[in-house]
Amino acid sequence: MAATAPAPAEPRRQLLGPPPLRTHQARALEALGRAWAAGRSRSWVVLPPGAGKTRVGLETIAEALAGGGASRAVVLSPNTAIQAQWAAAATAHGLEAGTDRDLSSQVTSLTYQSIAVFETDTDVDGDLDRTRKRPAPTEAGALMDRLHPNGRALVETLRDVDGLVLVLDECHHLLEVWGRLLGELLHTVEDAQVLGLTATPPDALTPDQAELVEELFSDVVFRAGVPAVVKEGHLAPFAELAWLTTPTAHENEWLAAEASRWRELTTFLSDPTFGTVPFLSWVTSRFVAPVPTVRSWAELAKAEPALADAALRLCHSGLLELPEGARLLEQHRRDPDADDWVALLDDWATTHLMPSTDPADAAVVETIRAALPSVGHVLTRRGVRRGRTPVDRVLARSHAKTVAAAEIVSHEHATLGDRTRMLVLCDYERASATLPTGLEGVLDAQSGSACSTVETLVADPATAGLSPLMVTGSTVAGAPATLSALATWVYETHPRLAGRLTVTGDGPVATLTGPWSSRHWVAPITSFFEAGHSQVLVGTRGLLGEGWDARRITGLVDLTTATTLTAVVQTRGRALRTDPSWAEKVAVNWSVVCVSDAHPKGGNDWARLVRKHTGFHGVDDDGDIVDGVSHIDPAFSPYAPPPTSTFEAINARMRARAADRDQIRSAWRVGEPYRDEVAATLRVVLRAERTEDEAVADGAATSMPLEIVPAPLVLHRHGIEVRDGTIRPPSTVTWVDTVAAVGTLGGVVGTASGPVTGWYLAAGGVAAVAGGVAGTRSRARGRTRVLSEWVSAQARRAAAAPSVGQVAAAVADALHRAGLTVVGAEAVVVEIHPGGEHRCLLDSTEADAALFAGVLDEALAPIGTQRYVLSRYTMTAAPTLTPRQVRKLRSSRAAVRALAGFRANGEAWHPVPSVLGANASRAAGYLAAWHRWVADGDLLYTSTPEGAGVLAAQQGYDPFDATTVVRRHWR
């Protein structure tokens, strides 16, 4: 039987008043309007937390109700806190709202659990290795049939509504947990207008999830990223920081003992008598000896990437020779970790040791078998398999992390004073399971829980005065005095709830009990917190980690282990809401990381930090908005944690950055134009002698854009060609008597011993002192000396290595000529940052920028196994003039002739990047661009006898000696 429709809604303009729509709300509604008008019935919108998804949903509902196309709306959300917020927001907008399952209100706010009970993030034991399992696809309707009767009844009621608007808030939960059940639900209400709202960007979806979104919603109707909403001023500027700590002494002792067998094994691995074919000899035979006679390094690395990477890290540590054609990239420039050793051990064991009948090899196998469990692996008959290890639990739940949280809260309070409102997020309220065997006495059973955290904050004199409160789906806890104040607040603001509330417990931490649940207590506790009666809330990610709205939060301490981009965006979103009472609010989000040197898996928590920030964009010290851990600190690497000896200094940097809220706000440049797109940027550090531009940048306080011009002087076999008409010999000579006079003419510094006299000659902005000793010299000798210096300087300039910018321009032009990008060299942007780091970007589409960064990276790399190589001419010795040539320098014309007389006597070879060497036409296009921007030279196909000879002689040669990394910049 169809439910009775409520009274028609009033027109939207009267129904929804101020505040005005935010920029991204208006854009989302415009995009939705076009989608609905085109006949679309299901739409998917992506907006970050705090950007106003609720307003977008309510505007959509009001429009549908007012237009007569809908009779009622149902909003499904993941928890009771968000459910209550939707009901309150709908009422505030003049809509009749309720939470009853009979759908008697204009707008009904329910939780997903109203239809089906499924695993959520709330208050679970927190098994770090648990994985969600969604129901496997079955025949149509099978999953719906398995619902609880109450759920099936609600689905039937939804189906009977004539004109239904269904809003799925935080709908990534449907993808993670329900899977195909969502498809069955939407099939049941086929005539409904369905709006999916989420903060999860499409590129964070797994392939299965992306396929499901495409099937059920088609493409995303509108999306906006966190940085875009910050730029608009609708989210608070923020900084992502990390507090690095080490396990407690007792925990470290246990980790060291666990690692003892592993350390013994790695010691054996360098013993030439350990096995009939020693480990390092085996690795050499697999990854060094066959290159390039059997196959190239590129072929080997493509076939076995994980093993190749592990071998290169052995090279970095000096245990293995670098194979010909191999290059140590950022991920290789660290010592091998346990996973590297395990991968190589697996190869050694399965291909040599286990098939061997020699007793010595059998003994080695048993030694490996005994050591592997200490790093979470086991050796089976089929090779090494991942097992379980309590090491990760110790790092994730170390008591040192809870202590660090208290230190962070104390520091934030010292910075912000009464404005401090900190949220500390944990995975679970308390552990219900016992500790794994071997951890009794090492780790407290509740370590890492919300209960343990609030106990620490209440016990610490530096944070006790902030009245910490724990709020989870089942418990409200804190110091008795704080709970009494909360009970009074509830009585004054929500008298119906306060009648039977009782403070239970006589210890430092008590609980507030009574006839209420999280559905009731979240709102009054939030207002209690925002009013400053409690300045620290400790909660679980399931209740306060998403959807919960408290605008006065100034920062977050993340103690959770969730690493998906969805979880990261949601948790960070709690602190990013703007505060109407504090227009200058800046949020600081802290991740607490525990690292140990005592165990080979001691970097597991660091790896978790890396996963959390992959794809999440934040502002770095230079004001660049980038993803990954580099926005936390430019020295951070995604491939290995910093040494524990540096933690104190790093934490000091973090505290200083957190204290400078004005600098964080300034770095975001709120209000400036933006594109809301991500572009790959190649960062290049030249390890060789710095260029003049780098030297300038080294002393600069900010980045410096580099003007890219074609090579002004080109060295050929037959001489030097001057392409830039502004490069010409000096033409005027002036006598000077003092250092002061020299300073007025060009800023040339003389000696500190007294006046300098001599011939000063300048033109075109170039200044030099000829002579520099007191006494009389003829004008002719002064001219000759200056012209000689000019000729030698220009010859050295012509023979010097090209700039990064010139190579970047050649790459861009070649890609454009090949039809691979829509722009060429005119779109290349190169900045030199303090210290000499180049940042190279192609100002084009995201795909163009990514292609350009990868190709430029290869162009600056050592020669490997490319199909083509090209050269530039060089001089093997410094260009100098003979005395006879110097004496002939009596005019500018003579100087030009002398410069043209220098000839190349050598060649430096460079790789043609694989994309540009895919065929002869592309390679020729790169050669033409190379001639224009970089230098003269020849192109060789390496499959010819001459090309093969050059490749064999030059393979591994690194013409730029550069360190490169690709970073994804938001702009």
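Predicted model: local features only at pLDDT ≥ 70, side-chain atom pairs only at ≥ 80, totals over all residues.
Colleague: What is the strand order in the open sheet of nine strands?

Modeller: The order is S8-S18-S17-S11-S16-S12-S13-S15-S14, and the pairing is mixed. Strand S8 (238-245) and strand S14 (502-504) are at the edges with a single partner strand each, so one side of each has no neighbour in the sheet. On average, neighbouring strands of this sheet are turned by 25 degrees against each other, direction ignored.

Colleague: How many bridges join S12 to S16?

Modeller: Three bridges join strand S12 (residues 469-471) to strand S16 (residues 536-540), and the two run parallel. Within this pair, Val-471 stands opposite Gly-539 in S16.

Colleague: Which strands does helix H20 touch?

Modeller: Helix H20 (residues 450-459) packs on the sheet and touches strand S11 (422-426), S12, strand S13 (476-478) and S16. The direction of H20 makes about 165 degrees with that of S16. Helix H22 (residues 480-493) also packs on the sheet, where it touches S12, S13, S14 and strand S15 (510-513). The direction of H22 makes about 20 degrees with that of S15.

Colleague: Turning to the other sheet, what is the order of its three strands?

Modeller: The order is S31-S30-S32, with antiparallel pairing in an open sheet. S31 and S32 are the edge strands, each with a single partner strand, so one side of each lacks a neighbour in the sheet. The twist from one strand to the next averages 30 degrees.

Colleague: And what is the bridge partner of Val-869?

Modeller: The partner of Val-869 is Leu-940 in S32. S30 and S32 pair in the antiparallel sense over three bridges.

Colleague: What angle does H38 make with S32?

Modeller: The direction of H38 makes about 100 degrees with that of S32, and H38 packs on the sheet by touching S30, S31 and S32. Helix H37 (residues 920-933) lies across S30, S31 and S32 as well, running at about 20 degrees to S30.

Colleague: Which residues of H38 are buried?

Modeller: In H38 (residues 945-954), Gly-947, Val-950 and Leu-951 are buried. These residues cover an arc of only 100 degrees around the axis, which puts them on the same side of H38. The face turned away from that side carries the exposed residues Pro-945, Ala-952 and Ala-953. What covers the buried residues includes strand S30 (868-874), strand S31 (906-911) and strand S32 (939-941).

Colleague: Finally, at what angle do H11 and H12 cross?

Modeller: The axes of helix H11 (residues 249-258) and helix H12 (residues 260-268) cross at roughly 40 degrees and come within 4 Å. H11 and H12 are therefore oblique to each other.

Technical notes: Residues numbered from 1 in each chain as written. Heavy atoms only, no water. Buried < 20%, exposed > 50% of the residue type's maximum accessible area, 1.4 Å probe, protein only. Arc of directions from axis to C-beta. Contact = heavy atoms within 4.5 Å. Pairing = 2+ DSSP bridges. Axes fitted to C-alpha atoms, helices over the stretch in contact; angles between N-to-C directions. Parallel < 35°, antiparallel > 145°, perpendicular 65-115°, else oblique.
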